[in-house]
Amino acid sequence: MTRRKKLLALLLALSVIFSLLPTAAFAQQVEDPAAVQAEEEAASEPEVQDDNVAVEPEETLESAEAPDAQEVIADEIPEEAPASAVEEAAAEEPVAETVAEVTAEAAKAAEEVPSQEATVPENGQDDLSVRRTHSGTSTKDAETITVDQSVSGMFTMDGAGVNTDYYKLVLPSSGTLELKGSSDVGVVGLNLLNASGAEVYTDAAFQLSTGVSIDLTKNTYYVVISKVGSDAGSYSFTPSFTAVNETVPETGNGINNSIKTAKAINLGDTCTGFLSITDKADYYKLSLATSGRLELAFRADGIRSINYAIIASNGEVVWSKTSGQGSTTSKENRLSNQIVDLTSGTYYLLVSQDDGTGKYLFRAKFTDAAETFPDKVGGSNNTFENAIAVAANQEYAGQLASNDTVDYYFFTVSQAKDSVKFSANTMLPEVDYVLYNSNHEEVWRRHSQCATDAEFDQVNYTMYLSKGTYYLAALTSNDYTGNYAFTLSTKNLFVPVIRSVVLNNGSITVKWDNLGTPQYRLFVKTTGGWKGCADTTATSYVFKNVKHGVTYSFTVRGLSKDGKAYQTSYDKEGKSITYYAAPVISSVNSVNGGVNVKWAKQAGVNQYRVFYRVGTSGSWIKASDTKGNSFTVPKLKSGTLYSFTVRALNDKGTVYISSYDNKGKSVTYLQVPVLTSVQAQNNGITVAWKAQTGAEMYRVFYRVGTGGWVSAGDTTSTNFTVKKLATGKFYTFTVRCVTKDGKRFTSSYDAKGIALHYLATPQATCVFTSNGVKVQWKEISGAQAYRVFYKGDTVKSWKALSTVTTNSYIATGLKSGKDYSFTVRCISKDGKSYQSGYNVSGKTIHYITPPAISALQQTAAGTVKVTWNASSGAVNYMVFYKGDKITAWTPLGTTTGTTFTASKLTAGKTYTFTVRTVDKTGKTYTSGYLSGKNITISAK
């Protein structure tokens, strides 16, 4: 007997036993089979997972729902075999007839059925799949496990069961996760997924007995164990975790993986970091208030090779090292006593993975270089143009750094063949000192090299220099960096050099180099000789006695403390500049298309540059250059406050020759109001326009023909009716924005405006026609077209019927017995503007459909009976005829009915009959009439 057959026999035997047992315990289930079925369906149906429901990645074991035991059990019970299968099984195995036989057979069969614990059948013994009961099959239903929790699972032989198990594991911090255990199936597949389901680690042939250590950041992970090959069996493992106390705690794929997300650290502190398979680079922010030296020390635990780098704020890598380079076999990978000289500024320390993951530590100590002229990132005096002036007989300290490889200084010799002694103390291994003339040509060079056992190398050299300006440079040699100090000694102090002469609004600012004298005397000249104008201890002075178009020259001499003796010579040529006053803006006004700026034209100035800015602060924006004294700045935003200023230029437009008013002149730009319609009304013409943001009030203007503009009135609305206008005249309208008090215009206007030929109101009359109502009126002189309106029946307000160029219109499709009103307006040819008002009441008429004759019947000699259809709303009918010698419609009589007998008609003659409705008096027609119906009278 096969195992399947034995199981089926067991099920049959058990059913017989249960049928013989008392039924009280199962009474409820037997009495309500529908309830039993519903309960079974509920137990066997898995819980529906909503793909749109967000899964919390940090879900803990306590918050995860425990699996429903009833659902698991229901899932393991095989589906009930069909009746035919049961019958076949019964035919193969006779059913025991007695209870004793059934019981014995059941016991025997039970011995042959493996227990629930023995879930791994021998190869080839069974084809039934044993389903797992505690792990998930995807990230959505993964079983939540914890660190140090023993986990076990099982795989079937033939793949019919679940052969991939998902476990959810939450790591509370960065650290090392170790997975180790045992397996009956040899190797298994191991995958590690992050919270979003992306793979971060994989091993297609994982040995649980060997285990694996994986460095990870804080996150939710999914451990996926999968079957490899066809072997079936069980496995078990226990996850363990070693946390790392990072200085900057990280999660997911890292939080400081770029310069933008770098975290600031304190210099001198020892910092701990961690590189993992999900976080391969860390950035730290270092802020140096001054130039100086960084002393760096690093240690990496278990990382074979690791990269270090220092990056400046401009993205330049100024230092980098790789430690270990894959050859370190010990647990510690050290990199100590790394010296990096840097200028002041912000830097970023990058630690990145080269080979391996794990914990690292570092410390950055800083020593101030105490420079006389502190350098910023990249250096401040690295070119001839940025050279710093130095005085005689004064020591200066500097530093050459990884990102500052040259420093330039300059001085000016006042006498020919002056003796200048250069003395320097070099505290870096090698450096070059170079002297250049005013043309930047090298005239002297000295290489300084500090002995390994010396504190510094001293340089002393006396130079005999001609009168003029010289540049001294300290240059790195063989990439060495460090500190230096130098002094330039001379009996005749250097000439103070004026570095800049700047035009201000109403003054000139003169700046010169500091040569260390107690004070300075500033001289000025225009057409005569030099005149002292100020003594000062500063190195700048604002000269205020300036006149437009005058050229001023300036020079400076060093002066003793008591002001009685000069301590330097002076530049006899000096530095000159022609003063031009800042242009004075006379007006800024909103015009059609922008803001017009006007200023007074200045003598000697042929070109100007106009600037604007939004509001009253911020950067000035160039609008345009112009040779005139006004300019309209276009493309501005209506309702926005703008400021404007003007500066004088040289004729080529390449150099500013004046300062400017930094405050400028401000105005809120308002666009010209755009008219949307000009429409004639009964009492005048209504003008409408678009609202302008920022407008306080509007003023409406009109003119007759080509005459001048006349103010019609002010309003805060966006429409205005101009009254008391003459018919037949051409009127043009425009609108301007004005201040609330009406004293100042805040916008320009459309000089063209919108014109309208104002016409008299047409007066309509109505007459009935055979198919409706004819609305007619007298032609209005100058009218281009007319628009006919109506209301009545269900139409409660005026509705346009049609636009015509004639003075009449027939309204059709009306309902009999209803009141209708009609009115007419003159309108422009394009149908956009009404040129007249209209009769508000209109012309009202009670419309009745003209009666239609349905039959003409000759009833006797000379007698015809006329029959017609009743018209809704009719009171009386009047019958008309013509024929024989009667050529015009002639009334025959009036009746309230719908028949009428006409007599005394001539045999052989043809007559035409028609009918109209009339009021009670019979004097007023209330409908039109049709063309009539004919009949020829026969002799009877």
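Which residue in β59 is the bridge partner of Y877? The views below are of a predicted model, and the first of them gives the answer.

View 1. Strands β58 (residues 876-883) and β59 (residues 886-895) run antiparallel and are joined by six bridges. T895 in β59 is the bridge partner of Y877.

**View 2. The open sheet of β56, β57 and β60.** Three strands form an open sheet in the order β56-β57-β60, and their pairing is antiparallel. Strands β56 (853-860) and β60 (899-902) are the edge strands, each pairing on one side only. Direction ignored, neighbouring strands of the sheet are turned by 20° against each other on average.

**View 3. Pairing of β57 with β60.** Four bridges pair β57 (residues 863-868) with β60 in the antiparallel sense. T867 stands opposite T899 in β60. In a regular strand, side chains alternate between the two faces of the sheet.

**View 4. The largest nonpolar core.** This core has 44 residues. The members that touch the most other members are F411, F422, Y433, F486, I508 and F554. Another core lies apart from it and has 27 residues, including C271, I310, V351 and A364.

**View 5. Surroundings of F411.** Neighbours within four places in sequence are left aside here. F411 is in contact with V390, L435, L465 and L488, and also with G468, T469, Y470 and F494. F411 is also one of the residues that touch the most other members of the largest nonpolar core.

Definitions and conventions
Residues are numbered from 1 along each chain as its sequence is written. This is a predicted model: local features need pLDDT of at least 70, side-chain atom pairs count only at pLDDT 80 or more; totals for chains, interfaces and linings use all residues. Side-chain values use heavy atoms; hydrogens and water are left out. Two strands pair if DSSP finds at least two bridges between them. Helices (H or I, at least four residues) and strands (E, at least two) are DSSP runs, numbered from the N terminus. A nonpolar core is a set of buried Ala, Val, Leu, Ile, Met, Phe, Trp, Tyr and Cys residues joined through side-chain atoms within 4.5 Å. Buried means under 20% relative accessible area, exposed over 50%, partly exposed in between (1.4 Å probe, protein chains only). Contact means heavy atoms within 4.5 Å. Axes are lines fitted to C-alpha atoms, for helices over the stretch in contact, and angles run from 0 to 180 degrees between N-to-C directions.
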